[in-house]
2 protein chains.
Amino acid sequence: MSRDPLSQTFAALADPTRRAMLARLTEGRANVSELAEPFLDRMSLPAVTKHLKVLEKAGLIEKTHNAQFRPCELKAEPLKDVADWMEQYRTFWEAGLDRLGEYLNTVTARQKKTAKRKHHGRKK
Amino acid sequence: MSRDPLSQTFAALADPTRRAMLARLTEGRANVSELAEPFLDRMSLPAVTKHLKVLEKAGLIEKTHNAQFRPCELKAEPLKDVADWMEQYRTFWEAGLDRLGEYLNTVTARQKKTAKRKHHGRKK
DNA sequence: GATATATTTAACCACACTGTTAATTAACTA
DNA sequence: TAGTTAATTAACAGTGTGGTTAAATATATC
């Protein structure tokens with residue numbers, strides 16, 4: 001059941017509904033029913049409750065109490081851990097710099113250079 | 001079954017074994033058995049194959065052929081999409097600036113200001 | 001051709017995930 | 001008190017995930 005926090009965060013983010021809910025929460029607090037509204041044509045309210053529970057357990061949102069309402073707010077701290085984890089890969093995706101890409105880019109760079117010389121003065 | 005690419009990437013990352021495999025691949029190509037080695041006390045080789053398949057389907061690695069070996073290499077491009085998605089939340093986690101944090105920070109900022117001004121004999 | 005090595009596929013199992021509908025809890029309102 | 005609204009819980013079903021062991025495949029080597 002209980003996974004490591006980073007895995008839990010990634011798992012929580014691996015769903016478009018939940019990501020949309022987080023996006024909504026960047027604009028401010030929202031009740032469950034407010035968060036649910038864009039999805040009620042697709043799924044029931046209990047389904048929404050479950051999604052929110054996943055986000056809550058991952059620490060990405062916090063539910064507070066206000067009468068019978070449950071305003072939710074974004075808690076983005078877990079995303080910082082994701083960002084930190086991602087840092088070690090930045091150099092690999094920037095400029096398509098993975099292992100294969102590194103090699104292929106060198107090759108295509110040469111080809112483009114050649115092509116440019118052939119069609120001198122012409123663009124794209 | 002087939003989810004959107006971003007969800008697939010997040011799901012692939014939601015497992016410590018798979019993340020460790022990616023980390024290993026930042027040091028260069030590795031065969032399946034090389035990638036498997038640190039985990040063989042915990043799981044079987046077919047389990048490793050499955051994990052690699054998840055990473056492959058998410059586009060995070062690519063398997064090539066070399067005799068009976070299957071060297072894998074990191075393809076970090078999908079991580080760029082993750083990074084891009086995360087950008088919209090950066091302001092929320094930097095300096096603990098989620099909605100609640102924002103409010104509390106404002107309050108404490110005022111309190112600090114007040115405390116400071118006390119020494120100058122002024123209050124807001 | 002036979003055998004060893006590297007890896008995958010098949011068949012299976014337990015359990016977690018995502019959804020459902022119906023019932024329940026909690027708080028406000030007439 | 002009764003009724004309405006907001007949200008959750010319960011019970012259930014289908015599917016996906018992550019693991020297993022045993023068998024199959026592919027390539028190299030003897």
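Here is a short chat about a predicted model, its chain contact and its DNA surface.

Residues are numbered from 1 along each chain as its sequence is written, while chains are lettered from A and ligands numbered from 1 in the order in which they are written. In this predicted model local features need pLDDT of at least 70 and side-chain atom pairs count only at pLDDT 80 or more, but totals for chains, interfaces and linings use all residues.

Trainee: Which element gives the most to the side of chain B that touches chain A?

Mentor: Contact here means C-beta atoms, placed from the backbone, within 7 Å. The contact takes 29 residues from chain A and 30 residues from chain B. On chain B, α1 (5-13), β2 (72-74), α5 (77-93) and α6 (99-118) each supply at least two residues; helices are DSSP runs of H or I with at least four residues, strands are runs of E with at least two, and both are numbered from the N terminus. With 10 residues, the top giver is α5(B).

Trainee: And which element gives the most to the surface near DNA strand D?

Mentor: "Near" means a C-beta atom, placed from the backbone, within 6 Å of the strand. Among the 24 residues around DNA strand D, those that come nearest include N31(A) and S44(B). Helices α3 (32-36) and α4 (45-57) of chain A and α4 (45-57) of chain B each supply at least two residues. The most, 5 residues, comes from α4(B).

Trainee: Where is the place of R3(A)?

Mentor: The C-alpha atoms of R3(A) and E94(A) are separated by 30 Å, and the two residues are 91 apart along the chain. As for its place, R3(A) sits in the segment before α1 (5-13) of chain A.

Key
Two residues are in contact if their C-beta atoms, placed from the backbone, lie within 7 Å.
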